[in-house]
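Visitor: I would like to learn how to read the features of a protein model, going slowly from one to the next. Could you take me through this one?

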Amino acid sequence: MRSVEEQQARVAAAAVAPRPVRVAIAESQGLMCAEEVVTERPMPGFDQAAIDGYAVRSVDVLSVGDGAGEISLPVMGAIEAGARTPSRLQPRQAARVQTGAPMPTLADAVLPLRWTDGGENRVRILRSVRSGAYVRRTGDDVQPGDVAVRAGTIIGPAQVGLLAAVGRDRVLVHPRPRLSVMCVGGELVDVSRTPGTGQVYDVNSYALAAAGRDAGAEVNRVGIISTDPRELRETVEGQVNRNEIVVIAGAVGGAAADSVRSVLAELGEMEVARIAMHPGSVQGFGQLGRDRVPVFLLPANPVSALVVFEVMVRPLIRLSLGKRQPMRRVVQARTLAPISSVAGRTGYLRGQLMRDQDSGEYLVQALGGAPGASTHLLATLAEANCLVVIPSEVEEVRTGETVDVAFLAQRG
């Protein structure tokens, strides 16, 4: 039986990021930048007012508050944001300016409106101002030749804004890996149909497709596929040729799974192994097609399939996205009830993670993890916000003991 860490290492070794593509900056959020975005122009591109007020020469208002009496200056006009006509300030003059307006020549500071009487033709000055105050100088933010966004940076709202600010409408990124999800099983029917005797809804293709999107992949949900050898080969081969990752649920265990694996063996290397974890111990992984695309075979049980996806497939998606930390955040929490696990296997048990408001301590309640409880109830997985990770050498966790807990996606 192979350890979880050994299997994860085999999977991680197969990670290949899709070739970078150039996209509109509006579509780049959440993706990794694949180029050094070098600024060609200074930002801001001209001296501009940082606040509504009056542009002045600071030397003309230095004496305010020094016992020299009231100072007032004539207002030579108003300059709006976006004004394109150059203006020049004469000594002992002021100009009314809007935020973002170009500064007139000779002006080196802006008096906020609250420091004046707001006059239109002549303004009374209530406070002095130092040189450079409330002025955005040319290149204060970015100088030509500066790197605005570095390769390897995950593009978020701030990076999108910076790209726009330096005049870039497109950027080279590592795209989302394409993930194909399909299911096999003669008992399966789509949710649009009514199950007959012995039939069940196809849960896996919907749940796993959602898990793929949550991980950051571009998902193609193929749904239920035929196990006829010729049709199966055509379907899988087609998906392998157009995706970076392929997941097939229901392809481990049973006669149908044997026939599936024999077909897949014609397309490349595929191994079904027993991994020291529960649920989802029996699982398959291989690399198929001319590009050796990673292909996963997952159990038919939806809970087991989702847990295997979380532990094995999700990290591969995150690596393909270029994430430096492909695993979920793990914290330590104190158990609120006993938890049982399977000897010799790492347990991934769903749970509800809470936090004590007074102490800040994490607390966790296992769902379906009490002795004798089933590990295959989908309803309890839907209630979970974490996975409780139980080491392979531990069979029983007592109330109050500390365990590792992996955050799942936040809800609400």
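Predicted model: local features only at pLDDT ≥ 70, side-chain atom pairs only at ≥ 80, totals over all residues.

Visitor: What is the overall extent of the chain, and how many helices and strands does the chain have?

Guide: The chain has seven helices and 28 strands. Its radius of gyration is 31 Å, well over the 22 Å that the globule rule gives for 412 residues, so the chain is more spread out than a compact globule. Along the principal axes, the C-alpha atoms fill a box of roughly 95 × 55 × 40 Å, and 45% of the 412 residues count as buried.

Visitor: Which residues stand opposite Gly53?

Guide: Gly53 stands opposite Val97 in E7 and also opposite Pro112 in E8. Strand E5 (residues 53-56) pairs with strand E7 (residues 94-97) over three antiparallel bridges, while four bridges join E5 to strand E8 (residues 109-112), again running antiparallel.

Visitor: What is the idea behind a salt bridge, and how many salt bridges does a search of the whole structure find?

Guide: Side chains of opposite charge can pair when their charged atoms come close. A search of the whole structure finds 18 salt bridges. In one of them, Arg22 pairs with Glu35, their closest N and O atoms being 3.1 Å apart. Arg22 lies in strand E1 and Glu35 in the loop between E2 and strand E3 (37-38), so the pair ties together parts that are 13 residues apart in sequence. Arg22 is partly exposed at 42% relative accessibility, whereas Glu35 is buried at 15%.

Visitor: How far apart in sequence are the parts that Glu361 and Arg334 tie together?

Guide: Glu361 forms a salt bridge with Arg334, with 2.9 Å between the closest N and O atoms. Because Glu361 lies in the loop between strand E24 (346-355) and strand E25 (362-366), and Arg334 in strand E22 (residues 330-335), the parts they tie together are 27 residues apart in sequence. Both partners are partly exposed, Glu361 with a relative accessible area of 31% and Arg334 with 29%. Salt bridges can also share partners, and in this way Asp214, Glu310, Arg314 and Arg328 are joined into one network.

Visitor: How many disulfides does a search of the whole structure find?

Guide: A disulfide is a covalent bond between the sulfur atoms of two cysteines. Here the search of the whole structure finds zero disulfides. As for the cysteines, Cys183 is buried with a relative accessible area of 1%, and Cys386 is buried with 0%.

Definitions and conventions:
Residues numbered from 1 in each chain as written. Heavy atoms only, no water. Disulfide = S-S within 2.5 Å. Buried < 20%, exposed > 50% of the residue type's maximum accessible area, 1.4 Å probe, protein only. Pairing = 2+ DSSP bridges. Helix = DSSP H or I, 4+ residues; strand = E, 2+ residues; numbered from the N terminus. Rg over C-alpha atoms; globule rule 2.2 N^0.38 Å. Salt bridge = Lys/Arg side-chain N within 4 Å of Asp/Glu carboxyl O.
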